[in-house]
Amino acid sequence: MVVKLRNSKSFVPKLSLVAECDNKIAGHILFTEALVNKTGVLALAPLSVAPEYQNKGIGMSLIKQGHSIAVELGYKYSVVLGYPGYYTKAGYVRASKYGIMPPFEIEDEKFMAICFDKNDAKLNGVIKYDKAFGI
């Protein structure tokens, strides 16, 4: 999937980040462009941390750095599908709060978003992911 996303129109090179420890790749995060109605948002996927480096804050550091770059690039929202107990620590809340709906059936608490400028504007639409996601 990462190769397909890197070769897609939604790929944002500055938002493909790698964490290194001891001269080894410890983790990676990728944010790609998606659409809600005509508004560009980011999709966080995937986030991975090598097993020997997990529970050391690497994933959260990658998320925070990605968010910082996203703000610099002018993005206002990021969406993620994942474990609420983890992603809420990075500021994600239920995407439905912003009127962002998934294109598939999923529990509301697992489909999350963050608004970087805290405007709380509702986008009121279904997210359209890059076709590389296979959705």
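What follows is a short exchange about a predicted model.

Biologist: Is strand 7 largely enclosed or open, and how many of its residues are buried?

Modeller: Strand 7 covers residues 111–115. Phe 111, Ala 113 and Cys 115 point one way, Met 112 and Ile 114 the other way, and all are buried.

Biologist: How many bridges join strand 4 and strand 7, and which residue of strand 7 is the partner of Ser 78?

Modeller: Strand 4 spans residues 77–81. It pairs with strand 7 in the antiparallel sense, over five bridges. In strand 7, the bridge partner of Ser 78 is Ile 114.

Biologist: In what sense does strand 5 pair with strand 7, and which residue is the bridge partner of Val 93?

Modeller: Strand 5 is made of residues 93–94. Two bridges link it to strand 7, in the antiparallel sense. The partner of Val 93 in strand 7 is Ala 113.

Biologist: How many residues apart in sequence are the parts that Asp 117 and Lys 76 tie together?

Modeller: Asp 117 and Lys 76 form a salt bridge, with their closest N and O atoms 3.7 Å apart. Asp 117 sits in the loop between strand 7 and strand 8, while Lys 76 sits in the loop between helix 2 and strand 4, so the pair ties together parts that are 41 residues apart.

Biologist: Are Asp 117 and Lys 76 buried or partly exposed?

Modeller: Buried means under 20% relative accessible area, and exposed means over 50%. Asp 117 has 36%. Lys 76 has 40%. Both values fall in between, so Asp 117 and Lys 76 are partly exposed.

Biologist: What is the N to O distance in the salt bridge of Glu 107 and Lys 110?

Modeller: Glu 107 is partly exposed, at 42% relative accessible area. Lys 110 is partly exposed too, at 32%. Their side chains meet in a salt bridge, N to O, at 3.6 Å.

Biologist: What kind of ring pair do Tyr 86 and Tyr 87 make?

Modeller: The structure holds five aromatic pairs. In the pair of Tyr 86 and Tyr 87, the ring centres are 5.1 Å apart and the planes stand at 90°. Planes over 60 degrees apart count as edge-to-face. The pair is therefore edge-to-face.

Biologist: Is Ala 26 buried or exposed, and what is its relative accessible area?

Modeller: Ala 26 is found in strand 2. Leaving aside neighbours within four places in sequence, its contacts include Ala 19, Val 49, Tyr 53 and Ile 58. Ala 26 is buried, with a relative accessible area of 1%.

Methods:
Residues are numbered from 1 along each chain as its sequence is written. This is a predicted model: local features need pLDDT of at least 70, side-chain atom pairs count only at pLDDT 80 or more; totals for chains, interfaces and linings use all residues. Side-chain values use heavy atoms; hydrogens and water are left out. Buried means under 20% relative accessible area, exposed over 50%, partly exposed in between (1.4 Å probe, protein chains only). Helices (H or I, at least four residues) and strands (E, at least two) are DSSP runs, numbered from the N terminus. Two strands pair if DSSP finds at least two bridges between them. A salt bridge is a side-chain nitrogen of Lys or Arg within 4 Å of a carboxyl oxygen of Asp or Glu. Contact means heavy atoms within 4.5 Å. Rings of Phe, Tyr and Trp (its six-membered ring) pair if their centres lie within 6.5 Å; planes under 30 degrees apart count as stacked, over 60 as edge-to-face and the rest as tilted.
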